[in-house]
Amino acid sequence: MRLRLFSRLAVMLIWLPLAGTLLRAQRLDSFPTQIPQHDAIVVGTAWYPEQWPESRWEEDLKLMEAANIKVVRIAEFAWSTMEPSEGHYEMDWLERAVAAAAKHHIMSAIGTPTAAPPAWLTQKHPEILRIEENGQRVTHGNRAHGSSTSAIYREYSRKIVEEMAKRFGRNPNVVGWQIDNEYGYALMSHDDVTRKQFQDWLQRKYMTLEALNSFWTTAYWSETYDNWSEIPIPVGGHNPGLMLEWKRFVTSVWSDYQTNQISAIRKYAEPRQFITGNFMGFFDGFDHYIMCEPLTFASWDDYVGSGHVDPDFNGLSHDLTRGFKRANFWLIETQPGAVNWASVNNYLNKGEVRAMAWQAIAHGADAVSYWQWRSALNGQEQYHGTLLGADGTPVPFYEEVRQIGQEFSKVQEALRGTTIQSEVALLYSYDSHWAIQFQKHTRRYDDIGLLKSYYRALRKLTPSVDVISASAPLGGYKLVAAPGLNVLPKDLANHLLDYVRDGGHLVLGPRSGLKDEHNELQTRRQPGHLADALGARVEQFYALEKDFPASGDWGSGQVSIWAEQLGLLNSSARTLLRYRKSNGWLDDQPAAVTSAYGKGRITYIGAILDDNLMNAAAAWMAKESGLRTPVLSIPEGVEVSMRSGTGKRVILLINFAQEAKKVELGKSMKLLLSGRQEQTVELAPYGVELLQE
Ligand code: GLA
């Protein structure tokens, strides 16, 4: 009974009007992720024709077409085939492969091959091979071995990319480009060239060594620099100011690395061709907001590895990617059953991949592409999941992809021109993430885990949550939660205060506002520049070796890992939660406070809450912020999402549970997948349904 009630509540959000929905995200008339004259949502696969005799291509493409595959990702590791010797380009084969795919109604997205420079190049210029932290130069034959800072490597990269763009920039069947592959996992060459570039970059930024020495407090441990050339590349733990600047420098290197290729492509390519990059969710090698600026849209590679999909974390990762450009994205690689690199490369359950494909769409993806079609007979990834076996015929998983493709085709028109529009945003900041990672203070501190706990609790109350940069426009969000803004300089604080003054509700989590932009401790107590508005401050923080009790407006429960003792600065602040008997210092001290400020509200939660407290806190946030959606519980295991735009609204229900679930809709709706009109949806384990009024 209880479950049924929850089911009804869960879908009540369907009936809520979208009036006033905020369009601060994607413009609804611009969907570069949906290719004109093609289905709005598509299934794809990575296909490497260079690894197979041309006589085999037709059979592959026939099988792809039969599996409803509409796009191939092609050529990204084919440098040695496209330029077998220096300046000698052979791309006829690729043109034939693209044309052959098109005959089967399959578009091509071309990857630039710079993740795998050819042997003639690394032989001629061994200095382009990266030097690792331990001082060893990598050998040829793995990938990501080129140095991103090498001018020579950039030059060769530019030439091959330019040749490709000349050849394919106007090809009607090439819909877009992917830069490199996973950007060399942001690995840097620890060589003199890189060190010099880092020093020059610092000089441009700080202008004088006096400034740098002061901001980094280099008098500490005799770190004072009298010459730019003395500044090292940080290895292991180092000065926090230096370490944060190194991360920003790495971002600027990879950003320039891709600009080098983007400009080569744009010189010859028609504007209709998109340019994207394949990111990796919460991979933190560089600042993705900066990396995504010049791209048409963001893409990512979603792999589960060992075990099974965690729908909350996976949903959060999709939303993070959507937030990179605040627009729809492509899932450009995902797991066809199993991978080959995890500790246990177990297969995902039957139906699990389909649920994941729909989850991607439900969170704003417009393409889902499987890596890969068929394993190369030799090479490092022989055991990875595929759609075909080594014998060239379908493996059982092929059928699941065929079904996904068929379903995508069936409902694609309903999703054309739709995106995710949220009332709630979570703020993420690479500076803050890095600063916490450098000095976790307790090995148990997990800022992404904390983000996920906010996400999980809030996502139950609303059909979508945006995850965006802390400096993104906030106007229109009813609730903005920033669980980990450790680096909170004044301009960012002002940006947040503007939001609150205009009527928003800002919720801050532990460790907020400890640092400034140089990763220096602020000379105001946490949350630094926001303390006055909050009317409270952090008196002391404590890393916890065990859980402590807390109680207040959100009921009673436990706090773990981290606890901050808050102190009220004025009478406008109200205590929401208090620690109870714990280490003496924290006993009965405020753990969470809130204050009205301007037309809005600012709340600070100084501890990591258990699930019950977190859920109660989220329910309070939703109510206090006036979320349109009712405070509701969604049946355990079922995710409800909504895509809307251009006068359409589609509700997506995905059952990640291993048992069947029933959802009462309260009124009759069109079930797009099963093609029926019903008041009740029966979801099988891993079942999916799309609803339209
Ligand atoms: C990464 C790469 C692919 C492939 C897969 C295997 O995401 O981009 O080329 O190696 O992993 O899971």
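**Helix packing and burial**

Guide: Helix α6 (residues 151–168) and helix α9 (residues 240–268) pack with their axes 8 Å apart, at an angle of about 30°. This is a predicted model, in which local features need pLDDT of at least 70, side-chain atom pairs count only at pLDDT 80 or more, and totals for chains, interfaces and linings use all residues. Residues are numbered from 1 along each chain as its sequence is written, and side-chain values use heavy atoms, with hydrogens and water left out.

Visitor: How is α6 oriented relative to α9: roughly parallel or roughly antiparallel?

Guide: Axes are lines fitted to C-alpha atoms, for helices over the stretch in contact, and angles run from 0 to 180 degrees between N-to-C directions. Angles under 35 degrees count as roughly parallel, over 145 as roughly antiparallel, 65 to 115 as roughly perpendicular and the rest as oblique. The angle here is about 30°, so α6 and α9 are roughly parallel.

Visitor: Which residue classes make up the contact of α6 with α9?

Guide: Contact means heavy atoms within 4.5 Å. On the α6 side the residues include Y153, R154 and V161, and they meet α9 residues including V253, D256 and Y257. Ala, Val, Leu, Ile, Met, Phe, Trp, Tyr, Cys and Pro count as nonpolar, Asp, Glu, Lys and Arg as charged, and the others, Gly among them, as polar. By class, the contact of α6 with α9 has eight nonpolar, four polar and six charged residues.

Visitor: What is the handedness where α12 passes α13?

Guide: The axes of helix α12 (residues 352–362) and helix α13 (residues 397–415) cross at roughly 25° and come within 10 Å. A crossing is left-handed if the near helix is turned anticlockwise from the far one by less than a right angle, and right-handed if clockwise. For α12 and α13 the crossing is right-handed.

Visitor: Is S108 buried or exposed?

Guide: S108 sits in strand β3 (residues 107–111) and touches V72, I74, V98, A101, N173, V174, V175 and G176, leaving out residues up to four places away in sequence. Buried means under 20% relative accessible area, exposed over 50%, and partly exposed in between (1.4 Å probe, protein chains only). With a relative accessible area of 0%, S108 is therefore buried.

Visitor: What is the radius of gyration of the protein?

Guide: The radius of gyration is taken over C-alpha atoms, and the globule rule is 2.2 Å times the number of residues to the power 0.38. Of the 693 residues, 61% count as buried. A compact globule with 693 residues would have a radius of gyration near 26 Å, and the protein agrees, with 26 Å.

How values were computed:
Helix = DSSP H or I, 4+ residues; strand = E, 2+ residues; numbered from the N terminus.
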